Amino acid sequence: MSDLELTTGPTTAQTRAKVQASIKRRYRAEMRFRAYGLFATMLGVLFVFLLFFSVFSKGWSIFGQHYVKLDVFYDAAVLDPSGTRNPDTLRSADYQALVRASLRAGFPTVEGRRELRELTGLVSSGASMQLQRAVMQNPTLIGTRDDQWVLASSQVDWLLKGRTTRNASEDERRLSDAQVTWLDALQADQCIERRFNKQFFTAGDSRDPELAGVGGALAGSLLTLLVTLLLSFPIGAAAAIYLEEFAPPETRVTDLIEVNINNLAAVPSIVFGLLGLSIFIGFFGMPRSATLVGGLVLTLLTLPTIIIASRAAIKAVPPSIREAALGMGASKIQCVVHHVLPLAMPGMLTGAIIGMARALGETAPLLMIGMVAFIVDVPQGIMDPATVLPVQVFLWADSPERGFIERTSGAIIVLLLFLVIMNASAVILRNRFEKRW
Amino acid sequence: MTPAVLFAAIIALVLVAFQVGKARSLTVAGGPRGIRTLHSLPGHYGLLTAMWCAIPSLLVFGIWLAFQDAILIRMVLVHLPAEVQHLPKAQLGLMINDLRNLVAGNIAPESVAVSTRLAAVEYLHLQSIARLALSALAMVAGIIGLLVVRARIRPDLRARNAFESLIEWVLFGCSGIAVLTTLGIVLSIVFEAVRFFTFVPLTDFLFGLNWSPQMAIRADQVGSSGSFGAVPLFTGTLLISAIAMLVAAPIGLFSAIFIAEYANRRVRSVVKPLLEVLAGVPTVVYGFFAALTIGPLLRVWGEAFGFNVSGESALSAGLVMGVMIIPFVSSLADDMITAVPQSLRDGAYALGATRSETIKQVVLRAALPGIVGGLLLATSRAIGETMIVVMAAGLASNLTANPFEAVTTVTVQIVTLLVGDQEFDSPKTLAAFALGLVLFVITLVLNVIALYVVRKYREQYE
Amino acid sequence: MKDFAYSLPVPKDIKTIGTVTAPGAIFSCRNVQVFYGEKQAIRDVNIDIAPKEVLAMIGPSGCGKSTFLRCFNRMNDTIVGARVLGQIELEGKDIQDKHQDVVQLRARVGMVFQKPNPFPKSIYENVAYGPRIHGLAADRGELDEIVNSSLRRAGLWDEVKDRLNQPGTSLSGGQQQRLCIARTIAVNPEVILMDEPCSALDPIATAKIEDLIDELRESYAICIVTHSMQQAARVSQRTAYFHLGDLIEVGETTKIFTNPRAKLTEDYITGRFG
């Protein structure tokens, strides 16, 4: 005690004063630091909203599409001059002439090739295909008169959806003043209608924005994911089981496998594309653009994710369960199959869904293996050439036509919708079945 | 039989094998009451039989199909007229492509040469023979396996042990696929890259300042000699990654600190998943966002401040890439910060430190190795990111540090070189693999360092 | 009664006090040593287990009694780095032999753990699991019979007969432990190992388990590790005292507790350390 009293250090009062002196500065620093944190977090949240706002504001209108009513006369002279009803003749007839005639009947004042072209430009080039389909299905239509709702052209749709105003210049509108007048007349006659855009979800790709749909890409994505899931889940689960339950720990082979898995999880996805290109396509001669190859590449890409998640799920099963089973004389395999796997399954499935969500959004490696081709048909099997949703987004984003911006955003909305569903089901699965031991 | 039908047939055979094995074990045991005399359950005998039936037949099936196409093509080529066989490699490749497409029914027979059409007929003929042979071989292999095991079934056959060690090998094989994948990546990339370096010297590639991979198609063409100096790509990649990290590192770190140390549970439960949404958005969406929203926006702002910002600029790609990486940095940093034990914090608080002082001087210092590791992983991700730069950074290989100009990156060039029709042997395509090798090596080094640092850090607090 | 010949010869330089052999021994251990990596957990233990007796293993914490117990059904196999040396013979056959099937061994030597660990399945399935994997029942009726009798013998039947389909985890701690015992005896083992089966239970549940052990002795050899000397005194016929990996003394329980011959044993049971 006496020693302490003899030292010439600061007294408590002095110390207290010093603390007091700096306290304000320190609290200001504290406030500043906190503000930085808050600001950074808000910025992050802001980006989320900005991203979604930018996509949805461009793409929400995709769910509607404008149709024009045409009073079509299926002129036998145009369709089937010989009267034989030969399907080949019917298929190759000039249906565009019917469209032209029908529009012209509505606007008898239109003269000259240029004006006529502008008039037919109001409806999509898909109109003639639609008429062809109708006639091929039902040849008795020939010679009769019928109302047909056909797709409006992309520019008309653009204007009617309010993306551009009537007051804008002709260049900006991509519609001439005459076209706008005709459009008004059609609207006054109630010959224009906005409907749910079913076509967008069923049709394949097209050069014309109003005809293009995500149906083909959607089917391609589903087929690719199917291949991926069927391969990567069993293999990933098996690998995880081996590493957690059977692998002799800390041997060279086990270490090699573990290091490989961890590194593969961080290899850029485009490198997997190079692998797919040179091994699956170059070496094994598998067909380009096929969903099978896409699925294989994505399998290799998602395997590390699934293995890591499955291992975590298996690790979470308490050892007492294993001891109980082994103590009963269950073999190692019986112990795993009867006890560990059922308990780890929700966690493993969650991992699989997250892996699939990642595979669904993956683009770069699929570009490498040729899934970027322009493909109109909806794929029917895993050997068919196809594209997938994100690649479709990439293709459309590159297109110069303005109408494709809406399609691109629409495709993104569909893509995000699927991702939300997948991630939500993963969260639900986890919350519902996750057991705390 | 088509492969699909054959596969179904093999599965059916395997199911039969299971029943045969099971029934046989019951017979040797002398009926259901004799089960106790068996070493294993009857089902185990069935499973063992099924496995030994499935393994040989599926092996035959897989290996045969993997090499069937290559062998058939070679056999067809041998029968082709000499002038076709002596075509230059590139044209031969195109012909084979036509042949494949014709066989698959993707193109009309009229659109290809007569020799190709004949070759296709020959191919289909050989294919039908091959399929027949495969079917016979696979089924016979399966049946032999079945019979061999069936003959060996006795009460003292340790069916369960045999079956289970077989399964263990299968599991081991599955985990070995990861190693095979790495091996496949390394072999395929290195193989093609080495071929590239026979055309272009390694030093020209690594240190050349001019990148214009367009090869002269005709000899008299001027100005498209094809030069493969990759330095502009490296600087472009670095520039964009640097911008991305400048955005992601501070925002990610500070938001992690805020979420981990300041936010109450309600805020945390809302903000954390919201930021994680950014990680789940596909990169192609970011690319679209960068190209159509941020790019034009920056150009308008640039004009307002008197800068000349090009529509596709390093800045817009870098900014958006930074946004993409924010959740990556923030969740890793969050993990690292929460791993710091409470006792350390308590020590600081007990001395009278404020919260920010505790964080800055104790928590962050303790978590530093982990955070550095996380930032390295994020950088590696930025370098390997493809879609954002493909859609927003452009193709111009400018050697510049100006973020307002368009630059190109390693990944962009890989995509451009490989998308579309290409022959396998031109330096142009092979260049993509050389770039891929560089990309793989750089990201691998970053990952290995980062994973090592992070693991060391985790072990410290476990 | 089994032949005395199953008991292996006892080494001459044995340090253990008391008779380590037992008439008609089913288990016979000689010079058993267990290593965890470099660390030796058990040194030169010699002991026999006779049918229809309860052998209690007591000793201070960390003396290796649980480790030794786990040798009998080779549960030490599941611990990385654990090595077991010496001879452990079950009816004259070395269970350490690499040809020994551990699955069959564990079917003969059941085990009950410290913490009740019922499977997350129904009560019925918990008990039926062993008979199923070992193929003990030819049909459903036989299986029902096994489940029924096992639960009865474990004294659990009256409490659970109406809710056989409820999860095993829904039972109380004591009931869970008796379920684990029922599960063990459903396989009809020859020896039951119990690793501090009552340490996680309250006194009433403990009393029930002890009664159960007494009844089970009619049919099985039981080897129980316990921390409670009272428990050892109540349930066992023979007691083995372990100290820091050595087997110090073996003898009839009444003698050990009333008249220990070794100094260490005396110190322990009189409560000088624990």
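1. I35(B) sits in the loop between helix 1 and helix 2 of chain B. Its C-alpha atom and that of P109(B) are separated by 64 Å, although the two residues are 74 apart along the chain. Please keep in mind throughout that this is a predicted model.

2. The crossing of helix 1 and helix 2 of chain B is right-handed. By class, the contact between helix 1 and helix 2 of chain B has 20 nonpolar, seven polar and two charged residues.

3. R158(B) belongs to another loop of chain B, the one between helix 5 (114-152) and helix 6 (159-199). R158(B) has 17 C-beta neighbours inside 10 Å and so counts as partly exposed. In sequence R158(B) and L38(B) are 120 residues apart, yet in space they are 8.8 Å apart, C-alpha to C-alpha.

4. In chain A, helix 17 (residues 332-361) deserves a look. Helix 17 of chain A has 30 residues, but its end C-alpha atoms are only 38 Å apart, short of the 44 Å that a straight helix would reach at 1.5 Å a residue. Where does helix 17 of chain A have a kink? The kink, of about 50°, lies at L341(A), shortly before the proline P342(A). Helix 17 of chain A is also mostly covered, with 23 of its 30 residues buried.

5. The crossing of helix 16 of chain A with helix 17 of chain A is right-handed.

6. F404(A) is placed in helix 20 (residues 403-433) of chain A. Is F404(A) buried or exposed? F404(A) counts as buried because it has 21 C-beta neighbours inside 10 Å. F404(A) and S154(A) are 250 residues apart in sequence, but their C-alpha atoms are 9.1 Å apart in space.

7. Helix 6 (residues 173-186) of chain C has 14 residues and reaches 20 Å from its first C-alpha to its last, close to the 20 Å expected at 1.5 Å a residue. Helix 6 of chain C is mostly covered, with 13 of its 14 residues buried. Just after helix 6 of chain C, N188(C) takes a positive phi of about 60°.

8. Most residues other than glycine have a negative phi. N31(C), although not a glycine, has a positive phi of about 50°, and its place is in strand 1 (residues 27-36) of chain C. N31(C) is partly exposed because 15 other C-beta atoms lie within 10 Å.

9. D44(C) is the other strand residue to check. Phi of D44(C) is near 40°, a positive value in a residue other than glycine. D44(C) lies in strand 2 (residues 39-49) of chain C. With 19 other C-beta atoms within 10 Å, D44(C) is partly exposed.

Methods: Residues numbered from 1 in each chain as written. Chains lettered and ligands numbered in written order. Predicted model: local features only at pLDDT ≥ 70, side-chain atom pairs only at ≥ 80, totals over all residues. Helix = DSSP H or I, 4+ residues; strand = E, 2+ residues; numbered from the N terminus. Expected span 1.5 Å × (residues − 1). Bend = angle between axes of the 7 residues up to and from the residue. Buried ≥ 20, exposed ≤ 12 C-beta atoms within 10 Å, placed from the backbone. Left-handed = near helix turned anticlockwise from the far one by under 90°. Nonpolar A, V, L, I, M, F, W, Y, C, P; charged D, E, K, R; others polar.
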